[in-house]
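Please look over the model shown below, with attention to its surface and to its pockets. The report that follows takes up these two topics in turn.

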Amino acid sequence: MGASGALTMAGEPASSDAALPRSVRRGPPITIGCECGEQRDLHYGERWTCEKCGKTWDTRRIPLDDYAQLCRTQARFRWIPLAAAVLVIACLIALVVLGRAFTGILLAAIAAMAWSTFGRPQWKRRYLKAIENRPSWNIKPE
């Protein structure tokens, strides 16, 4: 992926990473396209020096509030399928403990079929609608 020192935090000590909200540190990657044709996926706060032309790109030029909003939207939609899976697993465990293992397995199969047939397509439509107006930033190299 290039030279070992090509990706660094934005000229600040590693402790400055802790100043960023957790949702931003674990947010979606930011694709930086250099004018020479090179491209990298970076996390917020990283810097990248292009190996071909030597230009340096800093993702901290993106407004933190805008990127944090994008991260919150992504996180909110990440929890929906996880919550549905936890609910099904809890019901499965309860039914196994009550001696109704077959009923629990049947319930899990029906829930999985219902999620894949009805829940996931609706969830995906809502997610795509929520991110369709996501911002696009044109940052300049340093």
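A residue is called buried at under 20% relative accessible area, exposed at over 50%, and partly exposed in between, with a 1.4 Å probe and protein chains only. The model is predicted, so local features need pLDDT of at least 70 and side-chain atom pairs count only at pLDDT 80 or more, while totals for chains, interfaces and linings use all residues. Numbering runs from 1 along each chain as its sequence is written, and side-chain values use heavy atoms, with hydrogens and water left out.

| Residue | Relative accessibility |
|---|---|
| Asp 65 | 63%, exposed |
| Trp 79 | 57%, exposed |

Asp 65 lies in helix H2, and its C-alpha atom is separated by 9.6 Å from that of Val 24, which is 41 residues away along the chain.

The largest pocket has a volume of about 400 Å³. Of its 19 lining residues, the closest to the centre are Ile 30, Thr 31, Ile 32, Ser 136 and Trp 137. Strand S2 (30–33) and H2 are the elements that give two or more residues to this lining, and S2 gives the most, with four.

Definitions and conventions
1 Å grid on protein atoms, 1.4 Å probe; cavity = no way out; pocket = protein on both sides within 12 Å on 5 of 7 lines; lining within 4 Å. Points joined across faces, edges and corners; volume = space filled by probe spheres on them.
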